[in-house]
Amino acid sequence: MSGLLVRDAMILTLDPRRGTTPFQGDVLVEGTRIAAVGVGLEAGPGVEVIDGRGKLLMPGLVNAHTHSSETFFRGRYEKMPLEVWLLYAYPLLMGPVIDGELLHMRSLLLATESLKAGVTAMTDCFFDPPAHDLDRLGIVFSAYELAGIRATVSSDVINIPTLEALPFAGDVFPPDIRQLIDFGPMIGAPAYLDFCRAAIAAFHGRAGRLNFQIAPSAPQRCTPDLLTGCFDLARTHGLPFHCHVLETVTQAVTGRELYGGSLVRYMGDLGVLGRNTTIAHSVWVDDADMALMGRAGVSVVHNAVSNLKLGAGVAPVRRLIEAGVTLALGTDGVSSNDTASIFDVMRVAGLLHGASGPDAGTWLSAAELLRAATLGGARSAMLDDVCGSLEPGKAADMILIDLDDCAFLPLNDVARHLVYAANGSNVRTAIVAGEVVMRDRRMTRFDEDALFAEIRDRVPAYLEAHGLVEQRNALLEPYFAEIHRRSAASHSGVYRYAGDAALRHRNWSFGEPAAGRS
């Protein structure tokens, strides 16, 4: 059996016994799994020995929420609330779908960036309108298989028309605009569930590290039968049920206006909160929501950077943890974040929640953030028995970090250095399922230089065409901006903005949209 031995490294196991206390030692890998963690371990015949001196060995990070669909839109947008930004990153008035070769490159680029930033497992909420296509989903799986990353991938679904999932739409949108974005009947629950069953059969468990998940986009965007059908299917197969919930103030008002209460309570009434449920964002939740989520055992993915860039607000993370919710961390897509680095998310989250109040005891610690970035993310993907810590029997998903780097000199507390000083460029080696998939910051399974050259050659034309799509969608921006403005002005529940926004939010309006975004 093939294997490897990382010898004489500083080891951070993050297991329940050792936590964030490091020790100098070895990790032995047999096949795809960790065989032993200790001191003075010996390598048998045919075992590769990696010199760990001057390196930190720790579990690979888990990006619990991202969208590969945005990867080519890095650095393209700013100063847009979610409801406006969606028009450009996920345009209602679509252009041609991205071709298969670009789809492969886009997915491979995200996997490459992730591994170089120490992410060995990620959850990709792949969104590919206008249809759900097994062949196109297979292209994404093939890219991740090539890269060597561990990935949980969905084909996110929406089956309620956009305007029916927003408050105030009947007043804001004139008839001609409503007609323009009336695309006819959307996919029904039976058809989507059949697609998911086919995807599970085709892709779940592929290469021993690729999985499928069930992902209704949001409770207000999916019919009740679709939500309950997805939840039942997820539980039957032991898959995550992954859903965006209460990301923005508009969504908080959506629950009140369309469902007579919180969207979390609506999900509870439908019976779709449980161990399998992962809620992305969870910003505008109240005490009753958090208590319900904690009792159900759900996971929440905190997307601190994306929430700040899109002006979504600050999630009550400490309160969620106290309620019994599992905390994971996500980057969200590369368009709403601009990197795929969980190191960035840890640092921002650690700093952001220091502004939550004067009681320093409630602020997030480096140990809590590292746990969220590893074990918490693994649990959210139903992989807590697979990865997230260095323990015998678990998959050998590990990263080696160079300690001879400015971020660790001098070395005081390794957990705090990782959260507040490291940025991912310190990651030298990434190992997934016992295989070195990045060595000395070079991908081992494919030619990354050729990938980058092809992206530089082909993607500019794609982005130029996308610019024309953006120009078409700019027509819709004032209406979505007005819905956001009305929602912020009418919301009377919990408040999740920081600073003096509470004093000013009722008196502002958006200016005219730019003629296209570039």
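**Notebook: cavities and a sheet**

I sorted the residues lining the largest cavity and got six nonpolar, two polar and one charged. A reminder to myself: I am working with a predicted model.

**Entry 1: the largest cavity.** I looked up how much space this cavity holds, and the value is about 40 Å³. Then I listed its lining: Val62, Ala121, Met122, Thr123, Arg150, Ala151, Thr152, Ala381 and Leu383.

Entry 2: I checked how many cavities of 30 Å³ or more the count gives, and found two. I noted Phe126, Asp128, Ala131, His132, Asp133, Arg136, Leu137, Ser155 and Phe195 around it. Sorting this lining gave me four nonpolar, two polar and three charged residues.

**Entry 3: a sheet.** I turned to the strands and traced an open sheet of four, in the order β10-β11-β12-β13, with parallel pairing. Which strands sit at the edges? I found β10 (241–245) and β13 (326–329), each pairing on one side only. From one strand to the next, the twist averages 30°.

Entry 4: I picked β12 (residues 299–302), which pairs with β13 in the parallel sense over four bridges. To see who faces whom, I looked up valine 300, and it stands opposite leucine 327 in β13.

Methods
Residues numbered from 1 in each chain as written. Predicted model: local features only at pLDDT ≥ 70, side-chain atom pairs only at ≥ 80, totals over all residues. Heavy atoms only, no water. 1 Å grid on protein atoms, 1.4 Å probe; cavity = no way out; pocket = protein on both sides within 12 Å on 5 of 7 lines; lining within 4 Å. Points joined across faces, edges and corners; volume = space filled by probe spheres on them. Nonpolar A, V, L, I, M, F, W, Y, C, P; charged D, E, K, R; others polar. Pairing = 2+ DSSP bridges. Helix = DSSP H or I, 4+ residues; strand = E, 2+ residues; numbered from the N terminus. Axes fitted to C-alpha atoms, helices over the stretch in contact; angles between N-to-C directions.
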